[in-house]
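The sequence and structure are shown first.

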Amino acid sequence: MTSNLVLALTIGGLFACGIYLMLSRNLIRVLLGFLLAGHAVNLLLLASGTGGVPPIVGQAKEGEAMADPI
């Protein structure tokens, strides 16, 4: 199995467990469900990016300088 498939299954499992726990009547389980869903969202955002490319701007055009935020 590739790492992308493992990551996708992990995100799906975290979402599923989080939603299941959120549907419970116990307050502690609901809070744990929100935590799991929050971690799944963070993993989804990290997994959706591509390596070596700025997240919003994209790649600089030929001959165009890009500002270094650091």
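## Helix geometry

The expected span of a helix is taken as 1.5 Å times one less than its number of residues. H1, with 20 residues, reaches 28 Å from its first C-alpha to its last, close to the 28 Å expected at 1.5 Å a residue.

## Overall architecture

The model is predicted. The protein has 2 helices and 0 strands: helix H1 covers residues 3-22, and helix H2 covers residues 27-48.

Of the 70 residues of the protein, 13% count as buried. The protein exposes about 5,900 Å², of which carbon and sulfur atoms supply 68%. Among contacts in the protein with a separation of 6 or more, 35% are accounted for by residues 24 or more positions apart.

Which residues of H1 are buried? They are Ile11, Leu14, Gly18 and Leu21. Seen down the axis of H1, these buried residues fall within an arc of 105 degrees, so they line one face of the helix. An α-helix has 3.6 residues a turn, so residues three or four places apart point the same way. The buried residues of H1 pack against H2. On the other side of H1, Leu9 and Tyr20 are exposed.

In H2, the buried residues are Val30, Gly33, Ala37 and Ala40. They cover an arc of only 80 degrees around the axis, which puts them on the same side of H2. The buried residues of H2 pack against helix H1. The face of H2 turned away from its buried side carries the exposed residues Leu27, Ile28, Leu35, Leu45 and Leu46.

## The nonpolar surface patch

Leu27, Ile28, Leu31, Leu32 and Leu35 make a nonpolar surface patch of about 500 Å².

Leu31 and Leu21 are 10 residues apart along the chain, and their C-alpha atoms are separated by 8.1 Å. Leu21 is among the buried residues of H1.

Is Phe34 buried or exposed? Phe34, which lies in helix H2, counts as exposed because its relative accessibility is 51%. Phe34 and Met22 are 12 residues apart in sequence and 6.7 Å apart in space, C-alpha to C-alpha.

Met1 has its place in the segment before H1. At 77% relative accessibility, Met1 counts as exposed. Leaving aside its neighbours within four places in sequence, Met1 is in contact with Val6 and Leu9.

Terms used:
Residues numbered from 1 in each chain as written. Predicted model: local features only at pLDDT ≥ 70, side-chain atom pairs only at ≥ 80, totals over all residues. Heavy atoms only, no water. Patch = residues over 30% accessible without salt bridge, like charges linked within 9 Å, V, L, I, M, F, W, Y side chains within 5 Å. Areas by Shrake-Rupley, 256 points an atom, 1.4 Å probe, with all protein chains shown as cover. Salt bridge = Lys/Arg side-chain N within 4 Å of Asp/Glu carboxyl O. Helix = DSSP H or I, 4+ residues; strand = E, 2+ residues; numbered from the N terminus. Buried < 20%, exposed > 50% of the residue type's maximum accessible area, 1.4 Å probe, protein only. Contact = heavy atoms within 4.5 Å. Arc of directions from axis to C-beta.
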